[in-house]
Amino acid sequence: MATQCKDYDFTAIEAHWQDQWAQEKTFKAIDGDTQRPKYYVMEMYPYPSGAGLHAGHAENFTGGDVIARYKWATGHNVLHPMGWDAFGLPAEQYAVKTGQHPRVTTQRNVATFTRQLNKLGLAIDWDREINTTDEIYYKWTQWIFLQLYKHGLAYVSEQPVNWCPELGTVLANEEVIDGKSEVGGHPVVRKNLRQWVLRITAYAEKLLQGLEKLDWPESSKKQQAHWIGRSTGAQVVFDIEEQDAKIEVYTTRPDTLFGVTYMVLSPEHKLVQQLTTGDQRELVDAYIEAAAKKSDLERTELAKIKTGVFTGSYAINPVNGKRVPIWIADYVLASYGTGAIMAVPAQDERDWDFAETYDLPIVRTVQPPEDFTGKAYTGDGPCINSDFLNGLQIAEAKEAMIKWLEQHQRGEAQVNYRLRDWLFSRQRYWGEPFPIVFVDEAAYRKARELGGVVARDMPEETVSYEDGGQTYYALPIPAEQLPLVLPRTENYKPSGTGESPLSKVTEWVDVWFNLETGETVSRTETQPAGDAWVPASRETNTMPQWAGSCWYYLRYLDPKNTEQLIAPEIRDYWGSVDFYMGGTEHVTLHLLYARFWHQFLVDIGVLKEPEPFLRLYHQGIILGEDGEKMSKSRGNVVNPDDYIQEFGADALRAYLMFMGPLDDMKPWKTDGIKGVFRFLQKVWNEFAGRDGAVNSKVQDEGEEQKDTLKLLHETIKKVGDDMEHQRFNTALSQMMIFMNHVAKAETVQASTARAFVQLLAPICPHISEELWQRLGGEGTVAKAQWPKYDAALLESAEVKIGLLINGKPRGEAMVAKDATQAQVLEQAKADPKVAPHLEGKTVRKVIYVPGKILNVVAN
RNA sequence: GGCGGAGUGGCGGAAUGGUAGACGCAUCCGACUCAAAAUCGGACGCCGAGAGGCGUGUGGGUUCGAGUCCCACCUCCGCUACCA
């Protein structure tokens with residue numbers, strides 16, 4: 001049913017059709033529909049912040065929506081879902097500030113977002129809505145963690161971490177930018193804390209290999225590959241003079257081993273104390289203390305001047321027996337390789353800088369070219385000063401050296417990755433609790449002996465930690481006992497000590513734990529009867545925000561399943577995500593983590609497809625009207641709601657798609673939306689008319705005019721091609737050209753109008769549904785079969801071609817499509833605008849491209 | 001420093017090696033109007049009265065023909081950054 005509107009009352013029309021779609025469940029994806037090909041398209045789900053929907057969201061969701069609608073129209077069974085990434089810091093920080101519980105603010109924000117998204121007219125299957133903070137959802141987040149734990153991919157580690165005093169939490173490396181927190185920009189320092197860590201490095205190779213087959217932007221693949229950072233080289237063992245210890249280093253340049261003039265340990269290296277001699281002790285201790293206090297910002301920003309101190313000890317170079325001094329310096333990272341390096345200043349810029357500062361010797365082992373004027377030489381060349389390597393090029397020398405090291409048992413070839421294990425715990429309230437309890441050693445042993453479901457979900461290798469002389473052993477809360485519900489407490493403020501707020505909820509933390517069944521009872525109750533019940537303490541850290549987003553694309557497939565993460569037949573039907581749209585900023589975080597979990601789930605038999613996201617697409621950032629990044633402080637923020645109210649969702653959607661290529665960064669121009677609004681107004685006026693259901697120029701009987709028909713088919717072709725390649729801006733241009741023609745035509749056939757409205761529907765669905773109805777279309781335009789163009793109609797008997805003399809355009813001519821070169825040349829010679837340019841010249845050559853140009857070369 | 005992307009009218013942007021500037025915005029002229037808005041018609045790269053000349057960051061090259069291909073350079077943006 002269409003509305004009764006006379007004018008283009010977009011508010012009424014849009015509300016009407018949005019209701020209609022919701023009621024009819026027009027965009028419900030059907031599990032197991034074998035009649036139509038499936039298509040799974042999704043956008044990165046939003047974090048429901050208090051600020052509401054912004055322009056970037058609108059662009060992201062509209063872009064995905066146009067694709068979804070186009071796929072429906074071309075006969076696909078489309079899955080286009082939506083959900084909420086609702087755990088995370090901002091809700092908790094807001095709670096701390098205002099005293100409102102995160103659950104309350106989250107619910108409120110989700111309601112706001114839902115209302116805003118609906119106003120955009122998105123073709124979403126809302127029956128599959130998910131929320132990462134729902135128990136039914138995070139039960140499975142916990143379940144996946146449990147599987148990771150069981151398979152030895154989750155461990156506890158006391159390690160220096162990025163501690164942000166302001167936020168009262170630890171951050172992942174990826175959440176620290178220039179030594180400041182990504183959220184809020186607060187300073188970050190190092191602190192040792194007990195943490196859960198996921199062994200993503202075990203998947204480094206697989207994650208790298210998997211990239212090859214993905215249809216992702218090349219730059220994103222490169223970025224991820226760089227993040228994984230595979231390098232090949234050798235591990236080399238250095239003896240230490242008059243000491244029992246050995247230093248292991250990793251190097252990508254084993255060929256330069258003869259050029260080692262000193263060694264450097266990171267200040268955190270475990271051998272530092274042992275290697276420091278009495279007279280150096282004071283200096284070394286002071287240096288270590290200073291390095292520990294430095295924030296990451298200081299450590300990187302002050303990197304221009306490298307600092308370090310001598311430990312007093314010497315290492316012995318395994319290839320030539322030379323003694324080289326061992327230094328410590330914070331330009332060597334504890335977390336990469338072995339935390340120690342062999343320094344070869346002649347072939348490494350960093351080492352050169354350091355050697356220069358501290359007056360350490362430099363020995364070239366690669367002959368630089370004669371014209372080389374720089375300091376460290378990192379290019380190729382023949383080896384020198386290198387004994388048995390002399391004369392070899394770098395690649396050969398590396399091989400020879402590795403062979404030598406292996407023969408003499410002083411090292412071996414090694415592959416290294418830049419990727420670090422993933423720091424997976426947060427000292428926060430608003431996240432998924434870990435399905436873990438800690439018990440003493442006796443209880444731990446007993447759990448294994450009992451062989452219940454607890455033992456079943458235990459990893460082979462014991463996970464434990466020490467604190468105050470006591471060892472705590474981790475035991476899983478087995479799958480049967482999930483979800484482990486986040487306790488409803490008002491104690492969500494950060495403790496400030498680095499402990500999670502949950503640690504203060506003692507009635508939740510301290511439990512009786514059944515070592516066989518994994519059941520728990522608060523220790524405020526009396527101990528249940530039976531040997532299997534022991535006192536235990538829950539893990540009080542929570543999971544990071546990334547956890548829920550690692551697998552949400554799977555939950556959309558089977559959102560209400562309480563028995564399985566996903567039913568196999570549903571998994572097999574939908575497979576992987578065909579089109580995933582979101583910002584580039586998630587390439588090294590979310591997209592890598594999600595691939596890791598996905599590959600893991602494949603390995604344990606839960607999933608089959610090797611990769612989660614086959615096609616990745618990044619929408620470009622929308623800048624403010626001033627060409628600057630939108631921000632509250634600049635006051636250039638565009639609120640989509642304002643424009644929906646003033647021009648309608650269709651106009652907003654059309655403008656967002658018309659601004660320029662979807663993946664380009666581009667500035668918002670309010671005047672621009674007026675242009676597309678005029679276009680929609682024109683569509684309405686031409687087809688609906690100003691004062692009736694249909695404009696009187698729309699004809700039901702008779703034939704379409706030739707030129708209109710030709711243009712229509714050109715438009716069908718152009719829009720279809722553009723839709724396939726996400727070129728929505730040029731698709732709209734073509735539709736504007738078409739409407740400009742219709743506006744000038746005396747009449748137009750209803751069938752023509754309907755076909756046009758179909759083309760418009762993916763981008764402007766509301767006005768299209770309305771006009772489709774009025775023009776006599778059947779059912780919803782969203783699912784009407786996409787028009788086909790007739791190639792024969794695209795041809796015309798006469799074509800316009802350009803007449804060029806010596807490559808310069810001098811005129812144009814209408815000629816028969818199959819005109820010969822001679823005919824066209826005649827016409828050119830006779831053309832009053834062209835002829836003067838040929839006067840007195842001899843024609844040397846003629847190039848004729850039928851339908852395009854005739855170029856006469858003359859002098 | 002490394003990786004990636006981009007430089008086209010006043011602006012957003014179009015152009016399988018084939019008449020650069022489609023489409024839209026802004027501006028100007030005209031019609032309608034008492035007037036304005038809306039709408040419609042027209043103009044709109046730069047220089048030039050005109051013929052014409054010059055024009056896609058700069059310099060070279062390939063080609064009958066280059067925004068598009070090749071080489072060198074300049075500028076801007078994004079990401080990343082002591083990873084040995």
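The following dialogue explains how several features of this predicted model are read.

Visitor: Which conventions apply to the numbering and to the values?

Guide: Residues are numbered from 1 along each chain as its sequence is written, and chains are lettered from A and ligands numbered from 1 in the order in which they are written. The model is predicted, so local features need pLDDT of at least 70 and side-chain atom pairs count only at pLDDT 80 or more, while totals for chains, interfaces and linings use all residues; side-chain values use heavy atoms, leaving out hydrogens and water.

Visitor: How many helices and strands does chain A have?

Guide: Helices (H or I, at least four residues) and strands (E, at least two) are DSSP runs, numbered from the N terminus. Chain A has 28 helices and 33 strands. Its C-alpha atoms fill a box of roughly 100 × 85 × 50 Å along the principal axes.

Visitor: Which domains are assigned in chain A?

Guide: Domain bounds come from an automatic or database domain assignment. For chain A this gives domain 1 (230-417), domain 2 (640-793) and domain 3 (796-858). The C-alpha centres of domain 1 and domain 3 lie 72 Å apart.

Visitor: How is the packing of two helices described?

Guide: Two packed helices are described by the angle between their axes and the distance between the axes. Axes are lines fitted to C-alpha atoms, for helices over the stretch in contact, and angles run from 0 to 180 degrees between N-to-C directions. Here, the axes of α21 (residues 649-658) and α26 (residues 765-774) come within 7 Å and cross at roughly 125°. Angles under 35 degrees count as roughly parallel, over 145 as roughly antiparallel, 65 to 115 as roughly perpendicular and the rest as oblique; α21 and α26 are therefore oblique to each other.

Visitor: Which residues make the contact of α21 with α26?

Guide: Contact means heavy atoms within 4.5 Å. Ala649, Asp650 and Arg653 of α21 meet Pro765, His766 and Ile767 of α26.

Visitor: What is the accessibility class of isoleucine 362?

Guide: Buried means under 20% relative accessible area, exposed over 50%, and partly exposed in between (1.4 Å probe, protein chains only). Isoleucine 362 counts as partly exposed because its relative accessibility is 33%. The residue is placed in the loop between α11 (349-358) and α12 (394-407). Beyond its neighbours within four places in sequence, isoleucine 362 contacts Thr261, Pro345, Ala346, Trp352 and Ala355.

Visitor: How many disulfides are counted?

Guide: A disulfide is a covalent bond between the sulfur atoms of two cysteines. With the rule of a pair of cysteine sulfur atoms within 2.5 Å, the count comes to zero. Cysteine 164 counts as buried, at 0% relative accessibility, and cysteine 550 is buried with a relative accessible area of 0%.
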